[in-house]
Amino acid sequence: MSIENKEFKPKIVAFCCNWCSYAGADLAGSSRLAYPADVKIIRVPCSCRVNPMFILRAFEKGADGVILCGCHPGDCHYSTGNYYTRRRMSLLFSMLDYIGVENGRTRVEWVSAAEGVKFSTTMNDFAKTIHSLGENVRLGDIRCKN
Amino acid sequence: MYKIAKEKLPALFQLLANEQELILPIKNSGQVNFGLWDEEVEVDLTALNSVKSPKDAFFPQGESLYTCKKDGKKIEIQQEELRDKDFVIFGMRPCDYRGVEVLDKVFLVDPVDSYYQARREHGIIVTMACSEPEETCFCKVFDIDCADPKGDVAAWLDKDFLYWKPVTDKGKAITEKVSSLFAESDDKAVETIQEDIRSIVEKLPYSNLSLEGWGAGKTDEKFDSPIWESFANSCLACGTCTFICPTCQCYDIKDYNTGNSVERYRCWDSCMYSDFTMMAHGNNRTTQMQRFRQRFMHKLVYFPTNNDGMYSCVGCGRCVSKCPSSLNIVKVIKRFQEEGGKAN
Amino acid sequence: MQRIGVFVCHCGSNIAATVDVERVAQYALLEPGVVHAEDYQYMCSEAGQMKIIEAVKEKNLTGIVVCSCSPRMHETTFRNAAKRAGINPYMVEIANIREHCSWIHKDKEEGTEKAVILARAAIAKVNLNTPLVPGESRVTKRALIIGGGIAGIQTALDIADAGYEVDIVEKTPSIGGRMSQLDKTFPTLDCSACILTPKMVDAAAHEKINIYTYSEVDKVSGFVGDFTVDIRKKARSIDMDKCTGCGVCSEKCPMKKIPSEFNRGLGNRSAIYTPFAQAIPNVPVIDRENCIKFKTGKCGLCSTVCQAGAIDYEQEDEIISEKYGAIVVATGFDTIKLDDFDEYAYNQSKDVITSLELERVMNAAGPTKGHLERLSDGKHPEEIVFIQCVGSRDVTCRGKEYCSKVCCMYTAKHAMLIRDKYPDVNVTVFYIDVRTPGKNFDEFYRRAVEEYNVNYVKGQVGKVAPMENGKLLVQGVDLLDNRQILKEADMVVLATAIEPEAGVRKIATMLTASIDTNDFLTEAHPKLRPVESPTAGVFLSGVCQGPKDIPETVAQAGAAAVKAIGLLAKDKLLTNPCTAQADELLCNGCSTCANVCPYGAIAYEEKEINDHGIRETRRVAAVNTALCQGCGACTVTCPSGAMDLQGFSNRQILAEVDAICR
Amino acid sequence: MIQDDIKKISGVNPYKCMKCGKCSASCPSFNEMDIKPHQFVSYVLNDDIDALLKSESIKQCLSCFACVERCPRDVKPGNLIDTVRQMVVRKRGAELLSPEEVTQLLDPELPQQLLVSAFRRYRR
Amino acid sequence: MQELITRGKELLADGSVVGILGWKEGDFSYNPEPAFFQNEEELDKFIYDGFCGANLSKFMIEASKKEGKTLVFLKPCDTYSFNQLLKEHRIDREKAYIIGVGCSGKLSLDKIKEAGVKGIQKITEEEDKIHVETLYGDKTLNRSDVLLDRCHVCKGKEHRIFDEIIGESKETNDKDKFSEVEAIEKMSSEEKFLFFQKELSKCIRCNACRNVCPACSCRKCVFDSNKFDSAQKVNTNSFEEKMFHIIRAFHVAGRCTDCGECSRVCPEGIPLHLFNRKFIKDIDELYGEFRAGEDAETVGPLTEFTFDDAEPQEAVERG
């Protein structure tokens, strides 16, 4: 590991749906299941509230990874929201891969309110991936790096 | 008059670039635009027009003006530094050079635009005659001789050589620096080139285009014509014509929030856009007809009215070949002459 | 410009131990719009709330950020405080610096830094908050109970007694559930049927209770206070109004060799059958898969013998659509399949049985009429081995990682009952731990050991092998003795893990109630809202939420009933004001948003629009805020950004993104 | 740290053990062992590796993997015994089978793990 | 062409339509402009030839606001856009009288210039050849060499919606529409990045691609409004053009009819259709083949789902 890598503090944005994943994150917290502090959670009512604009904006402003968590398919509080999310993000991520953005930088995970353990392991794993990918240089706005 | 063999041009560019930035026409993914020279780039001196005009060198599409940095509740303002190093812009066409003269009328009069002024002072322009003018060209209409370019240095290209003639003091100074690569030349070769060019210009379909009915003071005559509507119906309201034009000078000022600071920058704007000159109360021009009219009236009437008859069109023909709806300034000039009688 | 107050909670040491709360407050003060910041021991306490109220009054605050525990915990508390202070409750945002920060980060520097950023995001959001006012929706005063076991029956009785209509939907032909299969109950050894049957009768007789047996929930739509449910009444092939319950049909039915579900397959039933004697309703059902009439078209004997003329072969499934204000899930449990546990020889020997099967064997109405005998040869057993934790506390794919909770107690019960009735039988129990928390539970277990001399061995059984002499060779270990034990047993009883009833996943999906990895329904809060599902208006009763015994089930059933009654007692509910809203000037009228709305909340109207001076009639979207639940699906599908979600607007979320990334 | 080595080689996490004893209950060589399978786990837990290295059990284990198969906590005591055995072999500097020898002895029907552990044992 | 003019005049004369959306001849052979004709006299300047690539369906949005019917000439591929606009209630079927015009592929001025042609004076079309007279000599080119890229992957010469059809069509489809996308998909991540970086660095944010696009029919684009704080008029940084083009492609995903206008009008020759076609390919592969604009009813793939759709990770890694 190089010295630069050691200093790399990734910025990771996690969009969590209010009903499952945010509660899953709460459970991870009350179970004291640690994950890196690099992960910051934004609460949204449903994963289907997440506009591709939000994800790109995060990268623009300097995020190194963006993860979107929602209820498991079939368990959406609003019945169908995450099914739309699944299609939208499939296309968006495929496009990001297509224009040469490393494909580990974005992820969708389904985490239920009961899956504190999964939330924590997912975040640990995602943070690890982002660490290995290093700083996001392909999608950021350099003005935000200073 | 000097000359240099074509195959030695890379050495010339290298030498020029050693001392200052060198901007010239570069081919990237099939398109030629002005850009910074380095050993990797593909220089293309044959293209008649770059897609974007070279006005970028003096009036960039986007430039930071100043930055507001936040420290706690305090705000510190950092002024963007003015250009303080020389640069050479090589291969500007005569019409584009006229474009710069048009911009000078806007940015160098009081109040002087210091950002632009600094760039003009440090920019050394090497213009190049148009060896192969095309059907879209109509610079002659604006009394531009594309066989006899102006600038700090004028240049001509033929099969084997580039001919180099320093014109201004700046031009002479830069010539000194690279003269080791040059051979002396008489004016004969250049005269031959000029003759060839001029004979083609005579044959160009637009060379006899008349500007009758246009120019200073024609506002009332043209403003309310129903002809504008027929253009606006087809106009897509994109900014292609404005952004490739060598004389369009309108800009917008915007803020970019980087998180820890706000960067105030200016960027080209297009009068074709619906939010052009948007103010708190809304917009002065609510229809595309009004916006379309603004652009052409500005070039052909308002600008000459305010600048001793100088048109802010140089006849480069970029809009003629690039407008997605095949509208252009020539069609505007002509249609009014053809159908103008019908206007009330 | 907002005037924002930031309040940082220590939560005792829960936050303050790993987050420098003072520094969070100091940094918050530097953010735009913030005019006040302070930290305090417990923000949620009355004193803490008063600090907010005072600051609002003193500093003329327009927005509040509380850096504390999860908004799922105290958002309502602080919104109410805001209301008391005289500002709109929706001007409050919570930065979750406990669950998402102090509890998971050990390094104080790191924790503080993150808390500052989370506060920054909340401040950025609140800067863009606008006051929101909830709407109202009506409440249908009727409850639906899914599942007719003891949990469902108790909940139904409690709700009905409060004066509300209740429907029970039970998928089997009778209510009663698992409890009706049990012989005795611990720790008092009451006869299960004796205490259950009166409740079943009460439910059937209650004028406010309507029971749909042999029925299933087909479809659920709507939301709290106003659910619409389609109930499928499966074709029973009997006219329930005509049937007298005389039982002649079952007696005469020539198809008698069908394994009885009620007896766990240990006994048989006929094709037309009533599952058990005390069944409610006491009306048989024809099992069409096994009925000769349905298989071949011939027979029809039952119809011939039925004097009431109640047999109806033509009967079809019937769909009943009903509106409910509240729904209680009480779907119960089953035992896990033992196919993967070869070492216990369950599939090889009839004498290896599950505890639930033992209940039927011990029951006077069961396959052996209550005599303890080997199912292979009917012999009286001399040596019985009980094995605990079969599939429970098992992290491999064969079992369940949780403790099934009831096994220790019922095994003590079984051992005690056997030793009481048949003192000649030796009983050995292999256990890992004996877990007896509960009133009189440990005393009960100790009685089994001390008074009835049941042999408890600390250790597990590694293998059960059928022997040629008909006995079972049990190889176990006594860990305290560090000795392997070989026992020749006549019977082996497996304390099989329990799991949620198989159909619960489908029901949870219909209700959009969340479910955990083990298929137990998730409660809204594990401690503070244990009988509510996170989906408003859906409540949980019994084992569908987690393993529990009868007293606990009944207690939870009552609690679920109270929660449902609390809801039904209201005439109107306040709706969530965080609904979608269309910007008419930007709307294209393309209908794409309406296509993705799960609630049909978006309609289109032709409207005269004044767009900066241009007047024209346009087709624009209009959101019905009573129907909109605020998921936001429409907002992303709208290309022009005309659709936005109040409380979670594009600019609010982007402000959070910016604040986090900077 | 030898305990860590053992964990790494065997892939066993002794902390997952809930001390049910099913491994010992399943073991056909239980009576021949001085340290019983379930004790192996606690020995590793208590870092008493020396005792394990000297133990008779590592020679008595048949590598039948009944304990691995049946362990409800996925602790796999059999792998642990196998690992300790391997460490003994390594400590003695004994040579392992050469690749050429292995192929001749291979029976494709046998579980890979069994073969490997058996070879190690009989090579001594 | 004369037949079209005659029919147009008839319809104007009998009052069936009050205006006509067509193409008007330009100064040169190659620059006819889309135009709204209001009387028979104006129609004398009507033209329909190889350079009438412009898709007129989007102009129907404005025409739908007018009193009375408008006659609109649509090429087969334009009818897909028309249907899509109809589906989204952006135009009024009752306000349009559609004459489907035949199409034998449209010509690309850029390709003619790429073939080394300078100073064009006149272009004449023949069956398979194109004659170009220039200031620097004459040239004859193969028609198929100078067709717009989109014509090589033509969706077919069938009009999906029309009131009547005039003129013959000739099939021009001779390439696999996904081959370019596949070539990029096969690149390494680094290569993909460099490819798009190079192409997009040319973008001057003139919005021609957006404004010509029949799917980009928003009254106000998100990039012009303050809804997302995303209104930037310029690419001051390499991020913005990516944001713009990704979001634009995403907004038209499942709605783009692959009409190819974006690539045709780009002054910098950026192959913008590569974005849209990538989404079309993904949608086809993940959710079943879907042609936007084939009819005006079927809901788009992004407003639908199935319970067993691919997970985003699978979608990306499917290779």
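**Disulfides, a sheet and a buried alanine**

Modeller: Let us begin with a link in chain A: Cys20(A) and Cys71(A) form a disulfide, with 2.5 Å between their sulfur atoms. The model is a predicted one.

Colleague: How many residues apart are Cys20(A) and Cys71(A), and in which loops do they lie?

Modeller: Cys20(A) lies in the loop between strand 1 (12-17) and helix 2 (21-30) of chain A. Cys71(A) lies in the loop between strand 3 (65-70) and helix 4 (81-98) of chain A. The pair thus links distant parts of the chain, and the separation is 51 residues.

Colleague: Is Cys20(A) buried or exposed?

Modeller: The cut-off for a buried residue is under 20% relative accessible area. Cys20(A) has a relative accessibility of 2%, so the residue counts as buried.

Colleague: Is the link of Cys20(A) and Cys71(A) right-handed or left-handed?

Modeller: The angle to consider is the one about the S-S bond. For Cys20(A) and Cys71(A) it is 100 degrees, and the link is right-handed.

Colleague: How many disulfides does a search of the whole structure find over all chains?

Modeller: Besides the pair in chain A, a disulfide joins Cys191(C) to Cys194(C), with an S to S distance of 2.5 Å. The search over all chains gives a total of two.

Colleague: Why is the disulfide of Cys191(C) and Cys194(C) right-handed?

Modeller: Cys191(C) is partly exposed, with a relative accessible area of 25%. The handedness follows from the torsion about the S-S bond of Cys191(C) and Cys194(C), so the value to quote is about 90 degrees.

Colleague: Which cysteine sulfur is nearest to that of Cys253(C)?

Modeller: Cys253(C) is buried, with a relative accessible area of 9%, and is in no disulfide. A disulfide requires sulfur atoms within 2.5 Å. The nearest cysteine sulfur is 6.5 Å away and belongs to Cys299(C).

Colleague: In what order do the five strands of the open sheet in chain C lie?

Modeller: The pairing in this sheet is parallel. Strand 20 (352-354) and strand 23 (455-458) of chain C each have a single partner strand, so these two stand at the edges. The twist averages 25 degrees from one strand to the next. The order is 20-27-21-22-23.

Colleague: What is the bridge partner of Thr428(C) in strand 23 of chain C?

Modeller: Strand 22 (residues 426-431) of chain C runs parallel to strand 23 of chain C, and four bridges join them. Within strand 23 of chain C, the partner of Thr428(C) is Asn455(C).

Colleague: At about what angle does helix 12 of chain C run to strand 21 of chain C?

Modeller: Helix 12 (residues 407-421) of chain C lies across strand 21 (383-390), strand 22, strand 23 and strand 27 (491-496) of chain C. Relative to strand 21 of chain C, the helix runs at about 175 degrees.

Colleague: Leaving aside neighbours within four places in sequence, which residues is Ala63(E) in contact with?

Modeller: Ala63(E) belongs to helix 2 (residues 60-63) of chain E. With a relative accessibility of 1%, Ala63(E) counts as buried. Once the neighbours within four places in sequence are left aside, the contacts of Ala63(E) are Leu21(E) and Thr70(E).

Notes:
Residues are numbered from 1 along each chain as its sequence is written. Chains are lettered from A and ligands numbered from 1 in the order in which they are written. This is a predicted model: local features need pLDDT of at least 70, side-chain atom pairs count only at pLDDT 80 or more; totals for chains, interfaces and linings use all residues. Side-chain values use heavy atoms; hydrogens and water are left out. Buried means under 20% relative accessible area, exposed over 50%, partly exposed in between (1.4 Å probe, protein chains only). Contact means heavy atoms within 4.5 Å. Two strands pair if DSSP finds at least two bridges between them. Axes are lines fitted to C-alpha atoms, for helices over the stretch in contact, and angles run from 0 to 180 degrees between N-to-C directions.
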